[in-house]
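Work through the exercises below with the structure at hand. Try each task before reading its solution.

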Amino acid sequence: MSRRPGITLEIDDPNLPAGPENLVHRAIAAIGSAIGFRGGVQAQLEKRIPVARGLGGGSSDAASAIIGMLRLTKTKMPLRQVVEIAAGLGADVPFFLFGGRALAVNRGDEIYPLPDVAQRAVLVVSPRDIGVSTKDAYQWLSAELTNRAEHPNIWGFCALCWSRQGKVSNDFEGPVFRRHPRLGEIRDGLLKRGAADAALAGSGSAVFGIFRNPAQARRAARAFPEDSAFVAKTLSREEYGRALGWRASG
C-alpha cells in the first residue's frame, strides 16, 4: 500500500506497485485534477485479469477508475475531454470507455464503434512460463512490416472490421509465434477442440479461442492443465455500459 496526499490505493497483489506508477493511481489523479476534486480518494484494486498477457487489464482498470470518479462526484464532462484524459494514460485506455467491438486508429485513441456480434464464450489460456514484453513485440513487428514486400490491403482490412462474422486477425502472431512456438500450438489446439476462431491476445502471451457456448469452452480448457485458463463471454456495447453504470455519449 502506498500513500500520497489525497489518494490511497490498495491492491490484492503485493507484486504490483500501488503508487503513482500504477495506472489506476494515475487515472484518479488525472481525472481528479481535471474536475477540480480536492477531497481524498481511497481505492481498492482486485486483479482478476492476468498481468502482462496482452489482455488490457491495466488499461481497463484505468478507464474504470475514470468512470468511477465521474460517477462518485456526479460530474458531467464532455466526452472528448474524458477521452483525452484516458489517452494521456495509455493508447488503449479510451477503448475501455466504450466497450463492444471498435476500430481504433492513430495511436489507438480514436475510436469508431463497430457492429456487435452474437454473444460467444471465450476461453483464455495464459501460459505460466511465457512472458512477452510489449516493447519487444512492437520491435519485432516493426521490423517485419519494414521488410514486407507487399503492403496490406486497406479495403480488405475495412471489410473485415465491418463484417458481423467477427473473425479475428492479429499481426503480432507471426513474429511472436516464431519466438514462442508454443503459443502457436495453443492457438492450434483451441481450433482443434472446436473454437470457431482463435488468436493471440494483443502482443501476448495469452491466447484466446471463441466457442459457441461455455460448456464447450470448459471442455477445451481441460487440454491446458499446466496453464492458467478461464472462460469469459463477449459483451455488447450496451451490456458493457450497463455493467459500468456509464454510457459514453456527447
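This is a predicted model; the chain has an average pLDDT of 87, and 88% of the residues score at least 70.

**Exercise 1.** Find out over which residues pLDDT stays under 50.

Solution. The stretch is residues 159-164, for which the model has 14 contacts beyond four places in sequence. Where pLDDT is low, the predicted coordinates should not be read in detail.

**Exercise 2.** Decide whether Phe172 is buried or exposed.

Solution. Step 1: locate the residue. Phe172 is in the loop between α6 (154-162) and α7 (173-179). Step 2: apply the cut-off. Buried means under 20% relative accessible area. Phe172 has 10%, so Phe172 is buried. Step 3: list the neighbours. Leaving out residues up to four places away in sequence, Phe172 touches Ala137, Tyr138, Leu141, Leu200, Gly202 and Ser203. Step 4: take one of these, Ser203. Ser203 lies 31 residues from Phe172 in sequence, but their C-alpha atoms are 5.9 Å apart.

**Exercise 3.** Explain why the buried residues of α9 are on the same side of the helix.

Solution. Step 1: name the residues. In α9 (residues 214-221), Gln216, Ala217, Ala220 and Ala221 are buried. Step 2: look at the arc. These residues are on the same side of α9 because they span only 145° around the axis. Step 3: find their partners. The buried residues of α9 pack against β6 (121-126), β8 (207-211) and β9 (228-233).

**Exercise 4.** Identify which residue caps the N-terminal end of α9.

Solution. The cap is Asn213, with a side-chain oxygen 3.3 Å from the backbone nitrogen of Ala215.

Methods:
Residues numbered from 1 in each chain as written. Predicted model: local features only at pLDDT ≥ 70, side-chain atom pairs only at ≥ 80, totals over all residues. Heavy atoms only, no water. Buried < 20%, exposed > 50% of the residue type's maximum accessible area, 1.4 Å probe, protein only. Helix = DSSP H or I, 4+ residues; strand = E, 2+ residues; numbered from the N terminus. Arc of directions from axis to C-beta. Contact = heavy atoms within 4.5 Å. Polar contact = N/O pair within 3.5 Å; in protein donor to acceptor, adjacent residues only side chain to side chain. pLDDT = per-residue confidence, 0-100.
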